[in-house]
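Subject: Structure handover and notes

Dear colleague,

I am passing on the structure below, together with notes on what was computed from it. Please read the notes with the coordinates open beside them.

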Amino acid sequence: MAEAKPINYANYLEINSLAGAVIFAVLYFPLLVFFLMKAISRPTYVYIILTLFATVRFTAFILRAILTRVYAEQINQSFFLAYEIIYNVGFFGLLYSAYTLAADRAAFSQSGGIISKIIQLRFIFRLALSAAVAIGITGAVESFSDNAKTASTGNTLRKVGIYIFLICAIIVLLQTIYLSFSEASHGGYRKSGEGFGASHGAFILMFVAALLVLREAFFTGTSNNPTEQNKETIWFPLSALTEFLAVLCFTTPGLVPARSEIPQEKV
């Protein structure tokens, strides 16, 4: 019986661009420094989480760059699995930052009502995101199994994790739409803060949420075809670029209220 040919996962999934990975690693480094300085000088959950997100993305793109130049099967598989896990975990931070910031800004509104209370259920949202990460990581690990049944289960779990992320991204988009109406009708942080981000924050967050929905819609639409999903001609613009533009929006002056500014009874 002929020996099975070793699989090079980077080549199989069309992960070939060293330049693309290096460029995004370089782009994320100043963001990492920016959010770290903000987290120190203006401590908020948003800046702390975004610092972790930028760190994870910087690391992930370094791993991706290495992956394009590793040819030994076992090392290639280990790097790819590490990259998959780190990349999955990272999206939690970006999505939760958008949700948290929208909830923080909603705390300035006097609108009240059932919708206002629902969007403040942070524990439930964290639980959903944590479930998506845990399921996604389990699925990624099991999909590498030599057992066909286990690998199939792993692929199913990966899809479930993607679907949960998509639902959470849609919730954040709906949350920012509500926030825009709430701030237009009842004021809120845009009347309390200064800067472009303070006055137009709801619309900036709506744009961020739309980018995150687009990113997850891409992963959902290609969940049955990993090769298509990782094709760099669409992966870079629909995954890497959407995330980068989203996190870049958080650098807008006046967008993020200080923790001390948020009405404590609504936090």
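This is a predicted model: local features need pLDDT of at least 70, side-chain atom pairs count only at pLDDT 80 or more; totals for chains, interfaces and linings use all residues.

Residues are numbered from 1 along each chain as its sequence is written, and side-chain values use heavy atoms, with hydrogens and water left out.

Overall make-up

The secondary structure comes to eleven helices and zero strands, where helices (H or I, at least four residues) and strands (E, at least two) are DSSP runs numbered from the N terminus. Of the 267 residues of the protein, 47% count as buried; buried means under 20% relative accessible area, exposed over 50%, and partly exposed in between, with a 1.4 Å probe and protein chains only. The accessible surface is about 12,500 Å², and 68% of that area belongs to carbon and sulfur atoms, as given by the Shrake-Rupley method with a 1.4 Å probe, where for residues only the protein chains shown count as cover. Taking contact to mean heavy atoms within 4.5 Å, 78% of the contacts between residues at least 6 apart in sequence join residues at least 24 apart.

Helix α6

Helix α6 covers residues 122-142, and its 21 residues reach 30 Å from the first C-alpha to the last, close to the 30 Å expected (1.5 Å times one less than the number of residues). Its buried residues are Arg122, Phe125, Leu129, Ala132, Val133, Gly136, Gly139 and Ala140. They lie on the same side of α6, because they cover an arc of only 135° around the axis, the arc being that of the directions from the helix axis to the C-beta atoms. As background, an α-helix has 3.6 residues a turn, so residues three or four places apart point the same way. The face of α6 turned away from the buried side carries the exposed residues Phe123 and Ile124.

The nonpolar core

A nonpolar core is here a set of buried Ala, Val, Leu, Ile, Met, Phe, Trp, Tyr and Cys residues joined through side-chain atoms within 4.5 Å. The largest one has 57 residues, and those with the most contacts inside it are Tyr28, Phe61, Leu95, Leu212, Trp235 and Phe250. The elements that give two or more residues to this core are α2 (18-41), α3 (45-67), α4 (73-106), α6, α7 (148-186), α9 (196-221) and α11 (232-249), with the largest share, eleven residues, coming from α4.

Leucine 95 is found in helix α4 and counts as buried, at 0% relative accessibility. If residues up to four places away in sequence are not counted, leucine 95 touches Phe125, Leu129, Phe165, Cys168, Ala169, Val172 and Leu212. With its neighbours within four places likewise left aside, phenylalanine 61 is in contact with Ala21, Phe24, Ala25, Tyr28, Tyr87, Trp235, Phe236 and Ala240.

Aromatic pairs

Rings of Phe, Tyr and Trp (its six-membered ring) pair if their centres lie within 6.5 Å, with planes under 30 degrees apart counting as stacked, over 60 as edge-to-face and the rest as tilted. By this rule there are 20 aromatic pairs. Phenylalanine 24 and phenylalanine 236 form a stacked pair, at 5.7 Å centre to centre and 15° between the planes. Phenylalanine 24 lies in helix α2 and phenylalanine 236 in helix α11, so this pair ties together parts that are 212 residues apart in sequence. Phenylalanine 24 is buried at 9% relative accessible area, and phenylalanine 236 is buried at 13%.

The pair of phenylalanine 91 and phenylalanine 165 is edge-to-face, because the ring centres are 5.2 Å apart and the planes stand at 85°. This pair links helix α4, which holds phenylalanine 91, with helix α7, which holds phenylalanine 165, 74 residues apart, and both residues are buried. Ring pairs also link Phe24, Tyr28, Phe53, Phe61, Tyr83, Tyr87, Trp235, Phe236 and Phe244 into a cluster.

After α11

Threonine 252 lies in the segment after α11 and is buried, with a relative accessible area of 16%. Leaving aside its neighbours within four places in sequence, threonine 252 is in contact with Phe196, Gly197 and Ile204.

Best regards
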